[in-house]
Amino acid sequence: MIDFKTKYPVNLWKDHGFYTDDYIKLINSHWLKFMPPNPTSHYVLGLLYTVIMVFGCTGNSLVIFMYFKCKSLQTPANILIINLAVSDFIMLAKASVFIYNSYYLGPALGKLGCQVCGFLGGLTGTVSIMTLAAISLDRYYVIVCPLKAAVKTTKQRARIWIGLIWIYGFSFSIVPVLDLGYSQYVSEGYLTSCSFDYLSDDERDKRFILVFFTAAWCIPFAIILYCYVNILMTVWMTSEIVTSRVGQQEEKRKTDIRLGYMVIGALALWFVSWTPYAVVALLGVFDLKDYISPLSSMIPALFCKVSSCTDPWFYAITHPRFKKELTKLLTKSNARKLVRNYGMKKGWAGSHLNRDASVGFENRLKTGYNKEENETFESGVDNVQCQGSTSGRKTESTKEPETKFPASASQESLKYIMLPS
């Protein structure tokens with residue numbers, strides 16, 4: 001204990017947090033073999049976590065806001081996306097504990113901060129992983145089994161899935177908190193964050209880590225891999241239908257390439273984000289601790305946070321329908337700003353125009369913007385009309401190509417790859 005106090009700024013933690021001397025019980029002896037990390041590395045990690053937290057919380061908040069704002073986005077499949085956004089938001093928000101500790105070079109928030117950080121990390125990590133597996137299942141049912149009503153995702157089924165996912169994650173994350181003898185939340189390498197005690201020599205702790213590894217990595221990875229591989233095979237097999245249209249063949253080829261990149265991207269994002277952390281935990285379970293240093297234990301945790309940060313951009317914000325609704329909101333906002341600025345420039349805000357004339361001008365200007373907006377949306381890939389759209393008509397020149405060149409099966413399937421309705 002004396003050696004620990006001389007190497008670490010214990011008094012700083014006591015002065016700026018909830019640290020007490022009994023916190024040393026939550027530090028595995030393996031970490032005490034190393035010298036304290038350089039303060040610069042603490043600050044760099046804290047800065048990285050701050051950027052990730054701000055960027056990720058913004059993206060997830062935008063997804064949640066757009067879902068409740070736009071009725072056209074409130075589909076059964078998007079309920080799963082919202083669950084992922086909520087889980088990722090909580091995971092990133094609890095990074096504030098890590099940032100605070102990093103600023104004071106250690107566990108300034110003490111045991112309370114450790115338990116909160118560990119519990120929320122275990123809960124949201126498991127929920128996010130299982131939600132990604134549920135999303136892959138939903139897309140598998142839509143594309144591979146489109147005619148089976150028994151497996152079609154409805155709002156009620158999506159809510160049931162979400163309830164089961166949170167129960168699933170809670171059942172694992174609460175065990176260390178209750179101190180049942182199966183693992184506990186302890187400090188990781190830099191002593192600024194907490195997780196399951198994967199370095200423990202206790203056989204019960206090791207069994208718990210192995211069970212948790214199977215439940216939170218092996219099972220979801222098997223589901224995601226199976227679903228996306230079958231989706232890719234199904235679309236490629238369907239696209240082999242021979243057509244006599246050279247232009248359509250070229251479009252089919254581009255669609256297949258986009259789909260392939262998307263599936264590979266989904267698998268790579270999941271694997272790269274969560275596998276390093278799983279590997280570190282397994283090294284500890286199988287007594288290969290010499291390969292684990294304080295820095296090597298922190299980098300995999302950083303990867304998990306990056307995943308929560310990029311999930312909303314990959315699964316939601318890149319979706320055509322979401323982008324269309326977001327563009328509509330931004331266009332309306334710009335229209336209102338233009339009306340206000342134009343009116344002030346012309347001096348119409350005062351006595352030059354009465355209230356009715358001002359409203360009439362604003363309505364005419366908004367009508368012009370809506371007309372341009374609808375023309376822009378109708379030329380897009382996704383022809384689903386958003387809530388509140390003022391025009392659903394197409395010109396004869398637009399309809400004619402659809403009659404002559406029907407969409408290929410791969411193009412139709414691609415609509416359901418990202419957030420099917």
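Because the model is predicted, local features were required to have pLDDT of at least 70 and side-chain atom pairs were counted only at pLDDT 80 or more, whereas totals for chains, interfaces and linings use all residues. Residues are numbered from 1 along each chain as its sequence is written, and side-chain values rest on heavy atoms, with hydrogens and water left out.

Helix H6 (residues 110-144) packs against helix H7 (residues 155-173) at an angle of about 145°, the two axes being 8 Å apart; helices (H or I, at least four residues) and strands (E, at least two) are DSSP runs numbered from the N terminus, and axes are lines fitted to C-alpha atoms, for helices over the stretch in contact, with angles running from 0 to 180 degrees between N-to-C directions. Residues of H6 that meet H7 include Phe 119, Leu 123, Met 130 and Tyr 141, while among their counterparts in H7 are Trp 161, Ile 165, Trp 166 and Phe 170, contact being defined as heavy atoms within 4.5 Å. By class, this contact comprises 12 nonpolar, five polar and one charged residues, where Ala, Val, Leu, Ile, Met, Phe, Trp, Tyr, Cys and Pro count as nonpolar, Asp, Glu, Lys and Arg as charged, and the others, Gly among them, as polar.

One disulfide was counted, a disulfide being a pair of cysteine sulfur atoms within 2.5 Å. It is formed by Cys 114 and Cys 194, with their sulfur atoms 2.0 Å apart. Since Cys 114 lies in helix H6 and Cys 194 in strand E2, the pair ties together parts that are 80 residues apart in sequence. The torsion about the S-S bond of Cys 114 and Cys 194 is about -115°, so the disulfide is left-handed.

Tyr 277 is placed in helix H10. Leaving aside residues up to four places away in sequence, Tyr 277 touches Glu 188, Ser 195, Tyr 198, Pro 300, Ala 301 and Cys 304.
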